[in-house]
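Hi there,

Here is the structure I promised to pass along. Have a look at it first, and my notes on what turned up are below.

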Amino acid sequence: MSHSIPAADTSEWWRTAVIYQVYPRSFADSDGDGIGDLPGVTARLDALAALGVDAVWLSPFYPSPQNDAGYDVADYCDIEPAYGTLADFDALLARAHDLGMKIIVDLVPNHSSSAHRWFQEALASAPGSPERARYLFRAGRGPEGAQAPNNWQSCFGGPAWTRVVEPDGTPGEWYLHLFDSSQPDFDWSNTWVRERFREILRFWLDRGVDGFRVDVAHGLIKEDGLPDNPAGPDDFFAPTPFWAQDEVHDVYRDWREVLEEYDGDRMMCGEVWVTPLSKLATWVRPDEMHQAFNFVYLSTAWDAAALRTSIDDSLAAFHEVGAPSTWVLSNHDVVRHATRLGFAPDAWLFHGIGPATDGLPDPALALKRARAAILLMLALPGSAYLYQGEELGLPEAVDIPDEARQDPAWHRTGGERYGRDGCRVPIPWDADSPAYGFNETGASWLPQPSDWAVYARDVQEQDPASTLSLYRAALALRRTYVLGSGTLRWADESDEDVLIFGNGEVRVVANLSAVGVPLPEGFEVVVRSGGVGPVLGPDEAAWLVSAGRS
Ligand code: GLC
Ligand code: MG
């Protein structure tokens, strides 16, 4: 069966862009305090231009108590002092634009930090006041209101409600926090909240940003009356009274209008953990967001039939609404795919991994698959997201000592969930420098593994067989052969173990079987994830073009 979706409109940059996620805390540290910062990012932007990405998404850099690594925002229009100043941000933006790269900033609208002035004012005000109405304060249930208003659980474990002590010293109302207790949820049915966020969008658009990555973009609206949740806490994709409520779309229609007031193609990409893909695609209808992360693809096992279905369903669902598909394998919330893909296909890893996790994979096998997986992903039409360090083949840091762990999910579950620290460790630049070149002092807010010198960028730059060289080659060829705006056609020989498709002039082969397969005749290899010669080994992928055309 051949599957084909017409080529996308490429005049809008985000339709085909490769977007690189920088996690500022862990990218590069200019002042040696062990915490990455904006001047550190600016100084290293040329490495991203050399890699060949189109845009950079910066995870939150706002003032924050850092209870959730900056996803607890205390001021939406300023910079965390440990990360720099607004002038540093402007310098970063200007440098990126000089290098031809766009900048996307992370917007966190579902909740603020409890340290935000708006929440502090709410705490100091009486129940029923306009200040309290910015957030979701409710009376408790049961005698004396001593029980939480409903059964909702925090995504980080434990109840999603915390009771406050009223200004007069008595036990009082409860407030909702779908995440940590220091991350109170806004009440998005309140027009005051909507007005503030329009102002925040304008603040960053006026500064010149090219777009927003929108945090928890499926969670802003809660069902009226806040009824009990029928689904279990680990049931990520089940219908709940807080995820994917229809009215949430009004928010993005409104924001789209704000973005349209600005020149250039300013965009929004939603973090939307919603299935099926046809439902996810409702976030990217023509008058809403431009992109949504494809977590269905991220969650697909290393299995040819499953991947083919995931690819077909993605292209079809996004095409239906005129949006590009996105593709992603790693980010700051999931186990790095250079480790994850080595696990058994049914392993459920969303609570993180650590030394006591069962079935820890063979690192060499996992990296081999990761290299094949990225060649497969970068050949797909649409827009692709990369997470800092994956271009180095960086694995998950598994052996982080308990006392060094920072993720609120680890602390809120008493260590039952390892959480996400393992994918957030500062990345290696130079094999022989302190902190592998993350800074000059050797300090690091999460400990770096002792065996990471082999992943350092300076080592990989010299090695044509390195993962960095593979990424560079693939990104350059993706551009040459305009794969982002191409059309995918499955080849007749594609089967349940070996994926074979064409995209423009390029033929892509990914071998997920246990045996080597001969490469098609009449073609020459332009890039391959591993191996040499006419046979493509298990867990290897290659891009080919007709002989004489490369
Ligand atoms: C998103 C972020 C995650 C954060 C959560 C709460 O899922 O990606 O890192 O913890 O939202 O803001
Ligand atoms: Mg620093």
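A polar side-chain atom of Arg420 sits 2.9 Å from an oxygen atom of ligand 1. Before you read on, please keep in mind that this is a predicted model.

Glu271 places a polar side-chain atom 2.7 Å from an oxygen atom of ligand 1, and in the side chain of His111 an N or O atom is 2.9 Å from an oxygen atom of the ligand. How much of ligand 1 does the protein bury? On its own the ligand exposes 310 Å², and the protein buries 95% of that.

The shell around ligand 1 has 14 residues, and those that come nearest are Asp68, Asp215, Glu271, His332 and Asp333. By residue class, the shell divides into 7 charged, 4 nonpolar and 3 polar residues.

Now for the overall layout. The domain assignment gives two parts: domain 1 is made of 14-110 + 191-461, while domain 2 covers 117-176. Their C-alpha centres are 30 Å apart. To the contact between them, domain 1 brings 22 residues and domain 2 brings 18 residues.

What is the area buried between domain 1 and domain 2? The value is about 1600 Å², and carbon and sulfur atoms give 65% of it. On the domain 1 side, Trp192, Leu226 and Arg412 stand out: they supply 36% of the area that this domain buries against domain 2, more than any other three residues.

The interface has polar links too. Across it there are 8 residue pairs in polar contact, with both residues of each pair at pLDDT 80 or more. How many salt bridges cross the interface of domain 1 and domain 2? The rule finds 1. As for salt bridges between named side chains, Asp228 and Arg141 meet in one, with an N to O distance of 3.4 Å.

Best wishes

Conventions: Residues are numbered from 1 along each chain as its sequence is written. Chains are lettered from A and ligands numbered from 1 in the order in which they are written. This is a predicted model: local features need pLDDT of at least 70, side-chain atom pairs count only at pLDDT 80 or more; totals for chains, interfaces and linings use all residues. Side-chain values use heavy atoms; hydrogens and water are left out. A residue is near a molecule or strand if one of its heavy atoms lies within 4 Å of it. A polar contact is a pair of N or O atoms within 3.5 Å; within protein, one must be able to donate a hydrogen and the other to accept it, and residues adjacent in sequence count only if both atoms are side-chain atoms. Accessible areas come from the Shrake-Rupley method with a 1.4 Å probe; for residues, only the protein chains shown count as cover. Ala, Val, Leu, Ile, Met, Phe, Trp, Tyr, Cys and Pro count as nonpolar, Asp, Glu, Lys and Arg as charged, and the others, Gly among them, as polar. Domain bounds come from an automatic or database domain assignment. Contact means heavy atoms within 4.5 Å. Buried area is the accessible area (1.4 Å probe) that two parts lose on being put together, summed over both. A salt bridge is a side-chain nitrogen of Lys or Arg within 4 Å of a carboxyl oxygen of Asp or Glu.
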